[in-house]
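Dear colleague,

I am passing the structure below on to you, and after it you will find an account of what turned up in it. Please keep it open while you read, so that you can look up each place as it is named.

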Amino acid sequence: MAADDVPAPFLLSLQKNLRALFGFQLSIGDQSNPWNASPSLLSHIDTHVWNETFLSSTLRDMSSAVSAFAAPTPSHSTFTASRRDNQRLLKRSAAPKSRARAMASNTVASAPVPIMVNDLTGKMGRAVADAVVARSKDQCFLIPVAFSGDAKDAVDVGGVKVEIKSIREGDPGAVLEELKTEYPDMIVVDYTLPAAVNANADLYVKHQMPFVMGTTGGDREKLFADVKKSKLNAVIAPQMGKQVVAFQAAMRLMGENFPGAFKGYTLEVIESHQTSKVDTSGTAKAIVQSFNDLGCGFDIKDVTLVRDVPTQLNEMKVPEEYLLGHAYHTYRLKSPDGTVSFEFQHNVCGRSIYAEGTVDAALFLSGKVAQGGESSKTVYDMIDVLKEGGMVTN
Ligand code: NAD
């Protein structure tokens with residue numbers, strides 16, 4: 001494929017919108033001829049600079065890019081359908097700017113949202129609890145009771161003494177009912193273990209407790225089916241990092257809009273996580289799917305998994321203090337003749353990006369509960385949170 005086939009309007013749109021989203025300049029070399037150099041997408045994601053216009057603006061720019069870009073499409077009907085989908089998306093995401101603000105003011109200006117975090121003695125739960133207490137008191141506060149696998153000593157989270165009860169002993173349903181009486185608008189956040197996902201969701205459903213499920217694994221099909229059937233409001237998302245989710249969404253749209261744009265290009269994918277993580281990153285799998293839609297033909301088994309400390313420190317440049325909690329991803333594309341290359345990278349250190357996204361999701365969910373039965377949809381993911389601009393940066 002000739003380099004000229006790469007959609008310039010998309011690259012320029014990506015540059016503009018990433019600058020708006022992340023607050024830094026994306027280098028695309030010669031502006032008049034953007035494919036003369038490789039874009040290096042360095043998402044220093046722990047900078048929480050969120051701009052709610054990103055998605056609608058990207059969709060608008062991509063939509064005009066699609067009109068301008070006469071790429072050969074393998075199937076006209078597929079292309080037309082995905083364009084129609086994007087127009088629909090565009091209408092949904094561009095129109096409700098005022099709704100997004102109303103939504104934010106709903107969640108921010110109304111009474112602060114009580115949030116229960118299970119299990120805040122775990123790594124993610126603790127990060128979320130810290131993020132809750134760090135938020136403005138007008139937005140949310142931490143409920144001083146939490147469930148863990150076993151009863152434990154009380155924990156101090158930024159001055160809030162939280163009682164830790166066992167979810168397996170006594171009557172956890174009665175505990176939830178009691179809390180609901182005291183905090184009628186409460187939202188539960190769940191970061192526990194894959195083995196606990198379905199049982200915990202059953203408990204929340206039984207007691208009509210709107211929840212944000214950040215825990216991965218379990219029987220996902222059953223989870224979605226049970227929660228949908230109950231009509232309980234919930235956000236279920238294995239990836240709560242809002243900027244990462246936005247990047248995934250942009251890549252998915254790129255794949256849908258420009259099928260085959262990178263046909264013939266070779267792809268190299270390297271991801272690094274803490275040594276204890278044995279499987280391939282779910283985020284890498286999702287992004288690879290988009291690259292395959294763009295024509296790369298990459299086998300997910302060929303992702304390079306870096307799990308050894310010397311490589312992480314010396315080659316990946318992971319800071320030592322984040323060896324036990326990081327998510328580094330690099331995607332390198334090269335044209336068949338080797339004259340054109342692209343590199344995308346998102347490197348996350350620590351858990352704050354997921355914790356902040358989780359608090360945003362809880363506030364979004366509280367807004368949905370307050371809207372009552374307006375929508376037939378009750379189970380949401382982070383794309384829904386992003387689309388409605390329900391992102392509140394600390
Ligand atoms: P962790 O092992 O540090 O914490 C899990 C805690 O859950 C432990 O304290 C354990 O005692 C407790 N627990 C076990 N069973 C329980 C139950 N039935 N009810 C309540 N608590 C129970 O694990 P972690 O690193 O905090 O990760 C938790 C989960 O979050 C994992 O599934 C992980 O993959 C997921 N995760 C999701 C995201 C995201 O963005 N959605 C980000 C990071 C991690």
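In this predicted model, three strands form an open sheet in the order β4-β6-β5, and their pairing is mixed. At the edges lie β4 (145–148) and β5 (152–157), each of which pairs on one side only, and from one strand to the next the twist averages 35 degrees. In general, the strands of a sheet pair through backbone hydrogen bonds, in either a parallel or an antiparallel sense. Here β5 and β6 (residues 160–166) pair in the antiparallel sense over four bridges, and Val157 has Val160 in β6 as its bridge partner. Helix α6 (residues 172–182) lies across β4 and β6, and runs at about 160 degrees to β4.

The axes of α9 (residues 242–257) and α10 (residues 282–293) come within 8 Å and cross at roughly 20 degrees, an angle under 35 degrees, so α9 counts as roughly parallel to α10. Their crossing is left-handed, and among the residues that meet there are Val244, Phe247 and Met251 in α9, and Ala286, Ile287 and Phe291 in α10.

Lastly, the cysteines. A disulfide is a covalent bond between the sulfur atoms of two cysteines, and the structure holds zero disulfides. Cys296 counts as buried because its relative accessibility is 11%, under the 20% cut-off, and Cys349, with a relative accessible area of 13%, is buried too.

Best wishes

Terms used. Residues numbered from 1 in each chain as written. Predicted model: local features only at pLDDT ≥ 70, side-chain atom pairs only at ≥ 80, totals over all residues. Heavy atoms only, no water. Pairing = 2+ DSSP bridges. Helix = DSSP H or I, 4+ residues; strand = E, 2+ residues; numbered from the N terminus. Axes fitted to C-alpha atoms, helices over the stretch in contact; angles between N-to-C directions. Contact = heavy atoms within 4.5 Å. Disulfide = S-S within 2.5 Å. Buried < 20%, exposed > 50% of the residue type's maximum accessible area, 1.4 Å probe, protein only. Parallel < 35°, antiparallel > 145°, perpendicular 65-115°, else oblique. Left-handed = near helix turned anticlockwise from the far one by under 90°.
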